[in-house]
Amino acid sequence: MSIRPHQIAGKNAEKTKAHNRRVVLGYLQGRDAGRAEIARASGLSTQTVSNLMAELEAENLVQPAGRRPSARGQPPLVYHFNAKGAAVLGFEVRPDALTMVVTDIGGTPIVTQHERLAQTSPETVLAQMAQMAGAARETPDYPRILGAGLVIPGPFGVEGLSAAGATTLPGWDPLRIPALAEAALGLPVHLDKDATAAALAEGMFGAAQGLSSYAFLYFGSGLGLGVIIQGHPLRGAFGNAGELGHVVIEPGGLPCDCGNLGCLEQYVSRLSVQRHLIARGLLPADTRGTDATIARLLDVDDNALSDWVDQAAKALSRAIGMLENLFDPQSIILGGALPDGLLDLLIARLTLPLGSVSRREGRSQPRVVRGTSGRLTAALGAAALVIHYTVTPRLDAHPMEQPNAFN
Ligand SMILES: [Zn+2]
């Protein structure tokens with residue numbers, strides 16, 4: 001593990017205060033509590049806690065929730081985390097679609113909006129995002145918006161994996177985008193990879209609730225991987241950990257945009273099933289109606305779709321064995337932009353390797369499960385990023401907060 005100088009340097013007062021706010025909010029998210037209890041639990045002085053509580057109450061993020069009976073003296077006033085006190089925006093940009101979800105800071109979705117993208121230049125998409133955010137803000141009784149999460153497919157800022165592939169977003173330079181997005185939206189913006197955000201969302205709201213170490217295979221256009229180890233996202237030195245789609249799984253196999261032959265993404269992705277169906281005349285070349293077509297083909301147990309599932313399951317089984325042996329996860333979760341029915345069939349057809357650390361007696365979790373946050377998982381994950389950074393006190397340094405991360 002590398003330690004960057006800024007990680008061990010002292011924190012300035014603003015950073016310390018932001019950290020302490022997260023400590024208090026994180027504590028109250030779990031339970032109602034009074035100031036003295038929070039001070040005892042956090043190690044902060046009662047005066048610091050009182051100042052923070054006054055500020056958080058003024059911002060409507062915490063609310064007094066009555067007095068708690070006590071054995072002696074004045075019963076303490078307890079406070080309650082106000083999930084409805086503010087909202088956050090989550091945006092997912094894929095090469096073919098833009099999704100926005102607005103949630104309260106408890107993560108409950110309030111509004112969702114989905115648009116097809118004909119053009120993916122940052123300027124066009126950011127203008128569209130600003131328009132969606134503007135419309136969301138005009139809703140009456142709308143709570144204050146704390147910030148926006150923005151997730152895009154990886155990889156971030158590398159030459160080694162072609163930036164021209166059909167599953168990437170050319171021009172979305174991670175060094176440039178946060179500032180452009182902040183200017184367009186007028187809000188603080190957290191940028192991350194779709195798969196990492198989706199993994200966080202699945203942990204907060206979905207199938208990974210209660211798990212601390214798990215992997216999330218995210219079907220966007222390509223195939224991404226989010227890995228959470230002991231509660232923390234694994235991002236790598238440059239934010240690019242988890243480019244599972246470009247791991248060669250079939251040596252000498254199908255050519256990939258990245259230059260490799262036999263990348264997993266060529267066998268297991270939304271793009272892969274679309275190409276398979278287009279080649280057999282079952283889907284129009286512009287891929288319109290993909291989900292309805294897949295649903296219809298699943299209903300009639302179509303052979304062409306079944307062939308794709310067989311091929312995909314074979315490639316995916318190998319990849320899952322590899323992930324299990326690499327990360328020792330409690331479970332591997334599949335989710336994102338493939339219809340639930342297709343993911344279920346894919347999971348049912350897996351032949352998981354016998355030689356895996358995950359094959360053991362008395363498992364409490366299945367080795368592979370489908371996620372439950374559905375199509376919105378990455379957009380929810382984008383919102384979850386903002387919540388995570390507002391409420392969760394202990395965080396790994398985020399690549400976007402590391403000034404040298406992309407150099
Ligand atoms: Zn590739």
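In what order do the five strands of the open sheet stand? In this predicted model, the order is 11-10-9-12-13, and the pairing is mixed.

**View 1**

**View 2. The largest nonpolar core.**
The largest nonpolar core holds 35 residues, of which L217, V268 and L334 touch the most other members. Two or more residues are given to this core by each of strand 9, strand 10, helix 8 (270-279), helix 9 (290-299), helix 10 (303-327), strand 12 and helix 11, with helix 10 giving the most, at 10 residues. When neighbours within four places in sequence are left aside, V268 is in contact with F219, L223, W308, A312, A315, L316 and L346. As general background, nonpolar side chains tend to be buried together in soluble globular proteins.

**View 3. Helix 8 and its cover.**
Helix 8 is mostly covered, since seven of its 10 residues are buried; these are R270, L271, S272, V273, Q274, H276 and L277. The cover over the buried residues of helix 8 includes strand 4 (86-94), strand 9, helix 9, helix 10 and helix 11. After helix 8 comes G281, a residue whose phi is positive, near 70°.

**View 4. T287 in the loop between helix 8 and helix 9.**
T287 lies in the loop that runs between helix 8 and helix 9. With a relative accessible area of 18%, T287 falls under the 20% limit and is therefore buried. Apart from neighbours within four places in sequence, the contacts of T287 are with R116, Q274 and I278, and of these Q274 is itself one of the buried residues of helix 8.

**View 5. The crossing of helix 2 and helix 12.**
The axes of helix 2 (residues 13-30) and helix 12 (residues 377-391) come within 7 Å and cross at roughly 110°, which means that helix 2 is roughly perpendicular to helix 12. On the side of helix 2 the residues of this contact are R22, L25, G26 and Q29, and they meet H388, Y389, T390 and V391 in helix 12. By class, the residues of the contact divide into three nonpolar, four polar and one charged.

**View 6. The whole chain, for orientation.**
The secondary structure of the protein chain comes to 12 helices and 13 strands. Of the 407 residues in the protein chain, 50% are buried. Among contacts in the protein chain with a separation of 6 or more, 63% are accounted for by residues 24 or more positions apart.

Technical notes. Residues numbered from 1 in each chain as written. Predicted model: local features only at pLDDT ≥ 70, side-chain atom pairs only at ≥ 80, totals over all residues. Heavy atoms only, no water. Pairing = 2+ DSSP bridges. Helix = DSSP H or I, 4+ residues; strand = E, 2+ residues; numbered from the N terminus. Core = buried A, V, L, I, M, F, W, Y, C linked by side-chain atoms within 4.5 Å. Buried < 20%, exposed > 50% of the residue type's maximum accessible area, 1.4 Å probe, protein only. Contact = heavy atoms within 4.5 Å. Axes fitted to C-alpha atoms, helices over the stretch in contact; angles between N-to-C directions. Parallel < 35°, antiparallel > 145°, perpendicular 65-115°, else oblique. Nonpolar A, V, L, I, M, F, W, Y, C, P; charged D, E, K, R; others polar.
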